[in-house]
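Here's a walk through one protein fold, written for someone who likes to check contacts and angles for themselves. Have your viewer ready.

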Amino acid sequence: MKLLLLAVIVVSCLYTIMKVYISNQYTKKELPKEVSDIYDAQRYQNYLSYKAENQRMSMIVLVINTCFNIFFIFSNFYHWIDTLTNNPYMICLYTFLIMTIIDSVFSVIFHYYDTFYIEEKYGLNKKDLKEFIKDEIIDIVFTSFLMIMIMVFIVFVCENMTDWVDLDNMTYFMALLVMGGICLAFGVIVVIMNLLAYVVLKIQYHFADLEEGPLRRDIENMLVGCKKKVRRIMVYNESKKSTTKNAFLLNLFGYREFGIADNFMNENDYRELLAVLAHEVGHLRHKKTIYNYIKYVMGICGFFLLVYLLAHVSLLENLSLIVMQTFNISTINYYLIIFVISTLLQPIIFLFNVYNNYATRIEEYEADRHSVSLGYGKELIHTFKELSKDELVNVNPSPIIEFLEYDHPGMYHRIKAIEEGMEKSA
């Protein structure tokens, strides 16, 4: 078991290193004409330097994370936790807290270096120390709370399952009902998680309604006839944290609002704002495609796989016994079980993410086409080029890396698609 976990972790590490190597090799190629005018010579050198510094830090983080994972696998850490108590809730909590403290310490250190040395060096940071500390505390507390809530739910279900049903005589129908109940309860947790995420977003940023005027009227006109209603159009103070210019559509269980960065409002012209917001409206007008239904089918298959495992609970019990014997523990450590399962499932998760990224890129192209259809093609291209230059974006990523990792099209393919759309509509 430990060797299998080691193999997956090492392969994952090598995969990341391979991505960096491929990306660096591809960077040496001449930029295509569609994106060749984004950077001047000096700015392109800044981009290359910025990318190199980020990669060095990413490699350090990768090595540290890999070493820590290997250490916890081959040390007596889980056995030591097991000697502290035989309460499965406390064992899970102790393990999580220790892991979280270690991860948070290194995470804050690297975030601090990234924010105040790398981002600051290239003019991308607007945070002061107070804002940085506030964001880090909010992120750690929010993430920890959500993880504890999920783990308590998992431990509660697993520890009490035998009181609810006869696992030794579980039928498929009973397994279906139980799994349906578990999914319903987990759905409630997801609702709570999303509501908390919305609250955290409102704490981290100040949002104000977009003032009445031509821009607001033009946005509302673009929304006419759209079945998915947008409740509010908001401006948020991104300038307090970074130089990022962005606009997004927040969708929370049918409640939708536009968020527009104040940087974007202050530094881009009127039609450029409308071009990006027309893109967001394109997402609202998106209709389900075969790619969406394939994702639904994947989800249904995952559900019935869990039903099958519940009906054959001995498979899960055998896995738990193997983990307990491997790590020399007498009480189930659900944190460890989750780590083992998630690690072993990495190849499947990777394949799903590749498909999900592909389907998401298709939707981004579709949203761009909607903006082009409203006559904002040139403004959209100009905005993307300016954003890329300002934020030191890789404007021509390797097609292999783009296919495997990007949930948005790379800038070269994106601009090329917009230009082709403009030619067709001319």
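## What you're looking at

First things first: this is a predicted model. Every value below comes out of the coordinates of that prediction, so local features are described only where pLDDT is at least 70, and side-chain atom pairs count only at pLDDT 80 or more.

## The nonpolar cores

The largest nonpolar core has 52 residues, and Ile219 and Phe258 touch the most other members. Helix 9, spanning residues 270–284, is the top contributor to this core, giving 8 residues. There's also a second, separate core of 23 residues, with Ile73, Phe77, Tyr78 and Phe96 included in it.

Leaving out residues up to four places away in sequence, Phe258 touches Ile219, Leu223, Val230, Arg232, Ile233, Met234, Phe248, Leu249, Leu277, Glu280, Val281 and Leu284. Notice that Arg232 and Glu280 are on that list too.

Setting aside the neighbours within four places in sequence, Glu280 is in contact with Ala247, Phe248, Leu249 and Phe258.

## Helix 9 against helix 13

Helix 9 also packs on helix 13, which covers residues 346–373. The two axes come within 7 Å and cross at roughly 125 degrees. That angle makes helix 9 oblique to helix 13, and the crossing is right-handed.

On the helix 9 side, the contact is made by Ala275, Ala278, His279, Val281, Gly282 and His283. Helix 13 answers with Glu363, Glu364, Ala367, Asp368, His370 and Ser371. Sorted by class, this contact has 4 nonpolar, 5 polar and 3 charged residues. Val281 turns up here and among the contacts of Phe258 as well.

## Helix 14 against helix 16

How do helix 14 and helix 16 run relative to each other? Helix 14 (residues 377–391) and helix 16 (residues 411–425) pack at about 165 degrees, with axes 10 Å apart. The angle is over 145 degrees, so the pair counts as roughly antiparallel. Their crossing is left-handed.

Helix 14 brings Gly377, Lys378, Leu380, Ile381, Phe384, Lys385 and Ser388 to the contact, where they meet Met411, Arg414, Ile415, Ile418, Glu419 and Met422 of helix 16. The class breakdown for this contact is 7 nonpolar, 2 polar and 4 charged residues.

## Helix 5 against helix 12

Helix 5 (residues 129–164) and helix 12 pack with their axes 10 Å apart, at an angle of about 100 degrees. The two helices are therefore roughly perpendicular.

Met151, Ile154, Val155, Cys158 and Glu159 of helix 5 meet Tyr334, Tyr335 and Ile338 of helix 12. By class, that contact has 7 nonpolar residues, no polar ones and 1 charged.

Val395 is buried, at 1% relative accessible area, and Leu392 is buried at 4%.

What does Val395 touch? Not counting residues up to four places away in sequence, its contacts are Leu31, Val35, Ile38, Tyr39, Ser388, Met411 and Tyr412. Ser388 and Met411 also take part in the contact of helix 14 with helix 16. Val395 and Lys385 are 10 residues apart in sequence and 8.6 Å apart in space, C-alpha to C-alpha.

## Two positive phi values

Most residues other than glycine have a negative phi. Leu392, though, has a positive phi near 55 degrees. Asn328 has a positive phi too, of about 55 degrees, and is not a glycine either.

Asn328 sits in the loop between helix 11 (313–326) and helix 12 (334–344). At 48% relative accessibility, Asn328 counts as partly exposed, whereas Leu392 is buried.

Technical notes:
Residues numbered from 1 in each chain as written. Heavy atoms only, no water. Core = buried A, V, L, I, M, F, W, Y, C linked by side-chain atoms within 4.5 Å. Buried < 20%, exposed > 50% of the residue type's maximum accessible area, 1.4 Å probe, protein only. Helix = DSSP H or I, 4+ residues; strand = E, 2+ residues; numbered from the N terminus. Contact = heavy atoms within 4.5 Å. Axes fitted to C-alpha atoms, helices over the stretch in contact; angles between N-to-C directions. Parallel < 35°, antiparallel > 145°, perpendicular 65-115°, else oblique. Left-handed = near helix turned anticlockwise from the far one by under 90°. Nonpolar A, V, L, I, M, F, W, Y, C, P; charged D, E, K, R; others polar.
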